[in-house]
Amino acid sequence: MQTINICSVLDVLFPNNAWYGGDWKVIDAAVDQWCVENNAYHYARGREEFSRYEATRLAEEAGCTVVLLHDLS
């Protein structure tokens with residue numbers, strides 16, 4: 001299972017930190033589309049609930065080969 005940090009994906013989708021201060025509806029839609037195109041499971045949790053183990057397990061259960069890690073803290 002490949003794991004990728006949300007910041008890495010945002011940097012590819014929105015070069016030069018263009019996502020800072022951007023419209024989150026547009027950003028969320030772009031991330032969702034990236035996940036579809038890359039067979040990725042978007043795991044987003046606050047720091048207290050965040051678990052790489054759970055992220056991997058949920059991604060595998062969903063049939064994904066990539067897990068996109070997003071710490072909401």
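1. Arg-57 and Glu-61 sit four residues apart in helix α3, so about one helical turn separates them. (Helices here are DSSP runs of H or I, at least four residues, and strands are runs of E, at least two, numbered from the N terminus.) The two side chains form a salt bridge, with the closest N and O atoms 3.0 Å apart. By salt bridge I mean a side-chain nitrogen of Lys or Arg within 4 Å of a carboxyl oxygen of Asp or Glu. Arg-57 is partly exposed at 31% relative accessibility, while Glu-61 is exposed at 55%. The cut-offs are under 20% relative accessible area for buried, over 50% for exposed and partly exposed in between (1.4 Å probe, protein chains only).

2. A word on the model: it's predicted, so local features need pLDDT of at least 70 and side-chain atom pairs count only at pLDDT 80 or more, though totals for chains, interfaces and linings use all residues. Residues are numbered from 1 along each chain as its sequence is written, and side-chain values use heavy atoms, with hydrogens and water left out.

3. Next, have a look at Arg-47, which pairs with Asp-71 in a salt bridge, 3.6 Å between the closest N and O atoms. This one links distant parts of the chain, 24 residues apart: Arg-47 is in the loop between β2 (40-45) and α3 (52-61), and Asp-71 is in strand β3 (residues 66-71). Arg-47 is exposed at 54%; Asp-71 is partly exposed at 31%.

4. Then there's Glu-54 with Arg-45, a salt bridge at 3.9 Å, N to O. Glu-54 is partly exposed at 22%, and so is Arg-45, at 25%.

5. Searching the whole structure turns up three salt bridges.
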